[in-house]
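Here's a quick tour of a protein fold for someone just starting out. Have the 3D view open and follow along.

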Amino acid sequence: MTTATDPYLLLPLDGVHAIEASAGTGKTFTLATLVVRLIVEGGLKVDEILAVTFTEAATQELRSRIHQRLKIAEALVDADLDEDASPEAVLTHAVLARHLAGSKESAGSLRHRLRAAADEIDLAAIFTIHGFCARVLREHALESGQAFDAPVLMTDDTRLREAIAADLWRANGIEPDAADDLLALWPGGPAKLAEDLRPLLRERELRPALVELPDDPLPLLRAAGSALAGAFHTHGDDFRASLRLAVEGKVLNGNSYRIDWIDALFDALQAWCAVSDYDVPFQHPKLTHLHRGRLLEKTSKGSVGRTPDSPICDAVAAYIDALNEMAEWQDARRAVLLHRLRDDARVRVNRFKQQQRVQTYDDLIDRVADAVDGPHADALVAQLRAQVRVALVDEFQDTDPRQWRIFERIFGLASRAPALFVIGDPKQAIYGFRGGDVETYLAAKESAQQAPALLSNFRSRPAVLRAIGALYAQAEASGTQPFVDARVHFRDVEPGGGRRDEDYLRDAAPAPALTLWLAPVADQVDAKGKPKAHSAARSRELATQGCVAAIHRVLSDARAGSATLLGCPVQPGDLAVLVRTHSEATRIRQALAMVGIPAVSAGKQSLFETHEARDLHALLLALLHGADDGRLRTALSTVLIGVDATQVAGLDEDGEALRVWQLSALAWRERLQHGGPLALVTDLCAAHARRVGGRLAGER
């Protein structure tokens, strides 16, 4: 990437190209190189090149990097390279030299074009996907079928989805069966339905497809249940006894059949038969063990012909078949409910948006995706291509089918003049970050020309790269496929020279790149004397303890001078812990605070959902309703004031103390009105600094 032989110097600037790149391999560097080539060799203006990435921060970084590269190019026109020139300068100089050698353009003309491109960087079409779609709808309202007065953008539709989910739950859960189906689909209730509404509404085709609901199998289940109860009344005691004898005589496999659960199963069957309500299915995890096929399968080799048998086996087989048919019918019924609920949700959401004249980020993409397949698609595509000649899509693994359809139709093979570069990592697409879809990535990759992959990592230490490569190499050597889909594979990358193993030292030696931690063996054992597996809660507790201990060791070594990063002692801010959920992040942060290590957690949880926000809300309400002593008592119990429950209760008897707090509240209200909320909070934190600072994460 740093020499004139870089493959991206020779990559054609038309067609559709897919660039595979792992994290830290220079995606932004490569995009900037392509932009310089498009301006220098392709003669494009900076506003004729579309660059799309997936966050606002990334767009600003990309804009800055492109601007910097254009300024470097302007300075290097017809100039010699310094011996210590940067990789950007080396590659840019090669682009300029090749162009000037192969074209009739003068150095002065090229310098003028590069200066103009750098000066016009604010006009560059560098957007998030939503920003690009908003521009299309705003500038091409007629061709995209949109009104000139665009709806207001609703940046957060959480409240809307919650309200609609509650309405859907009430409207569709009236019947008992429907209520059961709703809970089966969304065990978390309306809140979970609200979370799933976005992907549910986004999918154009739901699976399983909507089919006609078959006849209710309940009569068949009743008949099978009645037959099972009859067989059990007649043969239950004898069959239980024969099973017990078979277990004791080792006729049946002792790992699969045990007397304790045999007795529990038959007792449960007896209780179910006594109720005689065959509408309620008999569910027991060991019922299938009474199937004749299972009994024969688990009969020991030396006991062939001695397998316990009973008419109950036939009744159990028929009943299991009826249960399976009922389960399939329930699945079909839930699929029907899902389709009906999705259709109902779409009507309600669209009605609300029309009435309130609002739209969401997803609506922007949907409307452009519909427009490029609509009746005026050719006119829209032609106008967009007159504006933008080439498109570059960064972080392409985060692209979903609708977004890919937009790029493919305007700039891809479905257009008259394909000019599209997509760059991303299929391994990241697996996780579906930001709604990405691995199938979309792979489908797009198959329709594109494969550009050379970026195989040099400039972010990680060489030892880390070797360790990760060794893990995948070991998997392949053992015949294990690291990824379910063979189209996704691991590419080994080489160190790019930006990092050295010596950057991170422990005891004057390069620190290990990868350390595996093994949880201690559980104290409890099973019936065979083997250690039991840890419960989920205990596993999290042990993992938290192990993580905190490892961090504590690093920071202790740093204080002793034996753990350094780039020559300086390792600081808490140099360490990061990756977890899956916000609750796990909170657990780690609190555990670190308990041993005196400051930490902050970052996640998707709203600031307004924290305890501190609720406490501040209670205080502000008390100041707003100054005559409400109940609200004042609530405010006094918050972390900002810190009055304990006994003192709050004592205010009923101590009028003087209550008056003191009322006067304090008046002073707080005046401070709020004149200085604002931040001034009030600052004063309260200063007044209660010792108490607040002594709390867990009180400093923060």
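Below is a short briefing, grouped by topic. Keep in mind that this is a predicted model.

- S1 runs parallel to strand S7 (residues 419-424), and 6 bridges join the two. Ile19 sits opposite Ile423 of S7.
- S1 also pairs with strand S8 (residues 449-450), again in the parallel sense, over 2 bridges. There, Ala18 has Gln450 as its bridge partner.

**The nonpolar cores**
- The largest nonpolar core holds 45 residues, and Ile39, Ile66, Leu70, Leu96, Leu114 and Leu392 have the most contacts inside it.
- Leaving aside residues up to four places away in sequence, Ile66 touches Ala32, Val35, Ile121 and Ile126.
- There's also a second, separate core of 39 residues, which includes Phe132, Ala391, Ile410 and Val438.

**A four-stranded sheet**
- Now find the open sheet of 4 strands, ordered S12-S11-S13-S14 and paired antiparallel.
- Strands S12 (509-510) and S14 (568-569) are at the edges with a single partner strand each, so one side of each has no neighbour in the sheet.
- S11 (residues 504-506) is joined to S12 by 2 bridges, and Arg506 has Ala509 of S12 as its bridge partner.
- Helix H20 (residues 536-559) packs on this sheet, touching S11, S13 and S14, and its direction makes about 85° with that of S11.

**Two crossing helices**
- How do helices H23 and H25 cross, and at roughly what angle? Their axes come within 11 Å and cross at roughly 80°, so the two are roughly perpendicular to each other.
- On the H23 side, the contact is made by Asp629, Leu632, Arg633 and Leu636. H25 brings Leu658, Trp661, Gln662, Ala665 and Trp668.
- Sorted by class, this contact has 6 nonpolar, 1 polar and 2 charged residues.

How values were computed: Residues are numbered from 1 along each chain as its sequence is written. This is a predicted model: local features need pLDDT of at least 70, side-chain atom pairs count only at pLDDT 80 or more; totals for chains, interfaces and linings use all residues. Side-chain values use heavy atoms; hydrogens and water are left out. Axes are lines fitted to C-alpha atoms, for helices over the stretch in contact, and angles run from 0 to 180 degrees between N-to-C directions. Angles under 35 degrees count as roughly parallel, over 145 as roughly antiparallel, 65 to 115 as roughly perpendicular and the rest as oblique. Contact means heavy atoms within 4.5 Å. Ala, Val, Leu, Ile, Met, Phe, Trp, Tyr, Cys and Pro count as nonpolar, Asp, Glu, Lys and Arg as charged, and the others, Gly among them, as polar. Two strands pair if DSSP finds at least two bridges between them. A nonpolar core is a set of buried Ala, Val, Leu, Ile, Met, Phe, Trp, Tyr and Cys residues joined through side-chain atoms within 4.5 Å. Buried means under 20% relative accessible area, exposed over 50%, partly exposed in between (1.4 Å probe, protein chains only).
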